[in-house]
Amino acid sequence: MLIAPLCLTQRQETHRIEVELLVKGHSDLGEVAPEVKASDSQTSVAIADLEWREMEGDDCGFHYGDGANEAQDSDFPTVERSRLQEMLSLLGLETYQAQKLTLQDSLQISSDSMKNWAPQVPKDLPWHFLRKLQALNSDARNTTMVLDMPPDAWPAEKESQMEEEMIYWDPAEDMAADDIYSFSELPMPDTPVNPLDLLCALLLSSDTFLQQEVLLKMSLCQFALPLVLPDSENHYHTFLLWALRGVVRTCCFQSPRGLGSFREDSVVLSRVPTFAFVRMDVSSNSKSQLLNAILSPARRQWDRFWHRDLNLGTNSREIADGLVEISWFFPSGKEDLDIFPEPMAFLNLRGDIGSHWLQFKLLTEVSSAVFILTDNISKKEYKLLYSMKESTTKYYFILSPYRGKRNTNLRFLNRLIPVLKIDHSHVLVKVSSTDNESFVRRIRAIICSVARSPCRRLSVEDMAHAARKLGLRIDEDFEECQKAKERMEKIIRKIKDVDAYKRDELRLQGDPARKAAQVEREFCQLPWVSEPPEKHRAELRRRVLELRVQQNGQEPTSGVQEFILGISSPSLRERQYFLRWMEWGLARLGSPRPRQPPETLLTLRPKLGGASDLNEPFWPEPLGVEHFLREMGQFYEAESCLVEAGRLPAGQRRFAHFPGLAVELLLGGLPLELVDGATLSIPVRWVTGLLKELHVRLDRRSRLVVLSALGVPGTGKSTLLNTMFGLRFATGRSCSPRGSFMQLLPVAEGFSQDLGCDQILVIDSGGLISGALPSAGDRFELEASLATLLMGLSNVTVVSLAEMKDIPPAILHAFLRLEKTGHMPNYQFVYQNLHDLSVPSPKPRDRRQLLDPPSDLGRAATHVEKQGSSFRTLAGLAERQHVWHIPALWHGAPPMAAVSLGYSEAIFELKRCLLENIRNGLSSQNQNIQQLIELVRRL
């Protein structure tokens with residue numbers, strides 16, 4: 001538009017000065033345009049009457065549809081819809097559209113699990129991303145591919161270097177000149193794929209449980225998470241509520257001067273101020289880089305949002321436009337590190353709001369404030385924003401105006417001021433000469449100001465309600481998921497007090513179970529006693545039978561019956577949904593939970609030197625799914641005991657099918673309890689029943705390797721196993737279950753012959769080993785027996801240590817006992833640096849001294865075994881076995897710290913070593929499930 005040739009009034013002259021200042025690139029309109037306010041904006045620009053009448057004669061309301069699904073895809077032209085299929089074909093994912101990728105598919109052990117390989121073709125990229133993400137590797141988003149050249153094509157001078165170097169493909173060399181500006185075609189297979197396209201394609205090809213795992217791992221890497229997943233091919237966009245439910249974060253709401261200042265809660269349920277950043281038309285400023293700068297502490301850039309300068313796959317987006325990402329800030333309680341004083345959420349819309357109006361409309365309804373980045377505000381953009389005149393959200397503009405269009409920008413901006421109810425402080429200008437640090441500080445100040453004032457605070461669940469009203473698809477809005485949720489709520493509603501519920505509804509886990517475990521423990525010790533009196537043996541049998549009769553006389557309570565119905569559903573997906581809902585529902589009973597830092601658990605250990613009650617827990621145990629399965633196990637134990645004693649005909653059994661139900665959960669990826677955390681004993685009949693049922697289900701693929709991890713709680717052993725294999729052992733909670741758990745890892749059929757097994761059974765010692773000293777009496781004896789049991793079942797044992805020369809006495813005792821039996825698994829001693837990145841790796845001589853017998857531990861073990869000479873064996877273990885130093889888990893200070901690259905790489909090397917030892921037969925002899933059953937009975 002042209003300025004009408006009218007005489008300038010004083011106000012018009014003021015406007016002319018403002019335009020000139022804007023052209024000169026002032027960084028803040030508020031500093032140079034104090035007169036541009038809502039009260040006088042209608043007269044602040046002199047424009048031809050004819051042009052304004054033409055403008056106002058148009059329909060200024062922007063029609064974005066009525067919320068129906070078909071309205072979502074009006075933004076996508078027909079040619080756009082074919083790009084998804086082309087991308088899926090390029091990545092080798094087209095076969096996973098009918099039958100989605102599952103979590104178990106991603107966990108399978110194959111030959112690739114032992115390789116630190118780089119992708120060579122686009123079909124490698126999804127699997128490379130999943131493996132890197134499973135290992136919490138911060139390079140997971142890198143889609144750069146390695147040139148795959150036959151050996152005879154290598155340059156002669158580089159032949160000797162090929163094992164050490166990688167040649168990276170430069171797509172620019174093979175790009176024809178006339179194709180440089182082609183943005184409508186997909187990249188050729190030898191060019192990098194945009195990481196956001198890879199993420200969208202993978203999520204669209206995955207089932208909801210794999211989606212959940214991907215987002216959980218991304219959150220640990222501090223990557224921004226997808227909130228709205230675009231799907232131009234199938235005519236809908238998906239709000240990822242279910243996929244985000246598994247993300248739990250810890251933050252500090254006050255100065256951490258004592259325990260209880262940290263709180264752990266689901267990001268889906270936390271109501272926090274939310275700030276959206278969007279692009280309108282074209283912006284010279286990178287929205288994602290600005291967000292990263294806002295969320296990064298001083299002098300440290302964290303790239304939560306992928307941006308074009310990361311060089312990890314620089315092609316333009318093909319299918320990811322319309323993606324909405326979310327990231328959070330959580331305070332640590334340290335003033336020098338915390339950018340904001342309270343938790344906040346940040347949203348990022350990929351693409352132009354004009355092409356993705358439905359997503360933009362959602363962001364305006366859920367955000368406390370929306371920041372709009374643009375270079376131009378013309379008639380089209382004015383019409384788009386005019387339709388938001390009823391919006392109550394605060395709007396801020398970040399302008400980088402094109403030379404020659406600044407006058408137009410200011411004229412339309414002045415018209416928008418009364419429409420969006422903004423003033424000059426809501427408009428910022430950022431040009432190349434603007435100081436970035438001061439500009440970021442200005443944005444942060446605005447965000448803090450909005451958060452301090454009365455503003456909209458919504459949870460992700462609240463956002464899902466708004467998305468549902470707009471017609472977006474919610475990923476948990478279907479029958480199987482909702483039926484499972486209703487069943488969970490039916491159980492949870494009855495739990496008013498956790499301790500009372502355990503006492504009244506889980507009756508078999510009370511005194512009868514503890515007394516039965518104690519009597520059976522005494523009975524198992526009889527073979528170690530020379531000539532035990534037969535009368536005593538008979539008395540123990542009588543007492544066990546009496547207790548089991550008492551248990552068998554009980555009926556499963558309504559809550560247990562409802563749980564059994566939930567895991568008995570004929571639909572596999574409904575069973576999986578039910579278990580996840582139960583995990584979250586039970587976790588919420590005491591939420592938001594106080595959480596102790598890892599070092600707190602370590603400081604509790606010296607207190608265990610004295611005698612203590614065996615049934616006294618090391619920490620309060622929360623109510624979890626394992627308690628319901630434990631109750632089922634007690635019913636099975638009692639019934640089996642009566643059948644063995646001839647007190648109950650086998651044909652009258654009611655609970656014989658319980659192991660089958662539990663094994664289905666194990667095969668689906670749920671860890672099952674091996675050692676009862678309440679009685680600190682192994683329920684032999686229940687575990688034997690599980691293994692027998694597992695043998696039947698696996699049929700001919702039942703060759704096993706058992707890998708166990710032992711250590712004191714807080715030494716990072718569960719996190720180590722989860723990072724190494726993608727498992728689901730409980731971590732990150734001061735109130736983790738006490739028992740020992742097992743999870744099954746399948747080995748790919750094509751690799752099982754080479755590895756020598758079909759399955760890997762992974763055992764986590766959980767909270768069984770507390771570090772008790774021999775002076776603790778019965779507690780130490782019990783811990784030593786349990787450590788001996790777990791190590792005796794294992795082919796490979798990982799001993800996790802928090803600091804040097806700190807082998808728990810119970811584990812040391814187990815070494816000595818197993819040495820006498822001749823069973824020596826492959827041991828890997830892992831020293832984990834829990835706190836400080838700067839602690840160097842131990843020197844070789846320090847590693848050899850790791851197992852030298854310090855005087856206190858020497859006296860402890862000698863006191864038990866009366867055999868100090870066995871230390872010569874222990875002292876030599878470090879020389880012929882591996883001792884590992886694992887760097888600190890976090891790079892930075894939690895909760896905003898990402899997993900360090902050094903930790904991820906060290907864990908991968910440990911994993912490769914373990915699998916190599918299994919393949920090369922360095923572990924003790926592999927066994928099948930039948931042999932494992934006999935070993936359980938014998939130990």
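This note sets out several points on the predicted model shown above.

1. Overall composition. The chain is built with 35 helices and 23 strands. Of its 939 residues, 57% count as buried. The chain exposes about 40,000 Å², and carbon and sulfur atoms supply 50% of that area.

2. Contacts along the sequence. Among contacts in the chain with a separation of 6 or more, 79% are accounted for by residues 24 or more positions apart. The points below give particular cases from the model.

3. Helix H11. This helix covers residues 287-295, and seven of its nine residues are buried, so H11 is largely enclosed by the rest of the structure. The buried residues are Lys287, Ser288, Leu290, Leu291, Asn292, Ile294 and Leu295. A student may wish to locate each of them in the structure before reading on.

4. The surroundings of H11. Which elements do the buried residues of H11 pack against? Five strands can be named individually: S5 (272-279), S6 (324-329), S7 (344-352), S8 (369-374) and S9 (394-399). Helix H15 (436-452) also packs against the buried residues of H11.

5. Leu586. This residue is found in helix H22, which spans residues 572-587. Is Leu586 buried or exposed? Its relative accessible area is 4%, and because a residue under 20% counts as buried, Leu586 is buried.

6. The neighbours of Leu586. When the neighbours within four places in sequence are left aside, Leu586 is in contact with Ile492, Ile495, Leu623, Gly624, Val625 and Phe628. Leu586 and Pro622 are 36 residues apart in sequence, while their C-alpha atoms are 8.3 Å apart in space.

7. Helices H24 and H25. The axes of H24 (residues 625-644) and H25 (residues 658-667) come within 10 Å of each other and cross at roughly 150 degrees. Angles over 145 degrees count as roughly antiparallel, so H24 is roughly antiparallel to H25. The crossing of H24 past H25 is left-handed.

8. The contact between H24 and H25. On the H24 side, the contact is made by Leu629, Met632, Phe635 and Tyr636. On the H25 side, Phe658, Pro659, Leu661 and Leu665 take part. How many residues of each class does this contact have? There are eight nonpolar residues, no polar residues and no charged residues.

Terms used
Residues numbered from 1 in each chain as written. Predicted model: local features only at pLDDT ≥ 70, side-chain atom pairs only at ≥ 80, totals over all residues. Heavy atoms only, no water. Axes fitted to C-alpha atoms, helices over the stretch in contact; angles between N-to-C directions. Helix = DSSP H or I, 4+ residues; strand = E, 2+ residues; numbered from the N terminus. Parallel < 35°, antiparallel > 145°, perpendicular 65-115°, else oblique. Left-handed = near helix turned anticlockwise from the far one by under 90°. Contact = heavy atoms within 4.5 Å. Nonpolar A, V, L, I, M, F, W, Y, C, P; charged D, E, K, R; others polar. Buried < 20%, exposed > 50% of the residue type's maximum accessible area, 1.4 Å probe, protein only. Areas by Shrake-Rupley, 256 points an atom, 1.4 Å probe, with all protein chains shown as cover.
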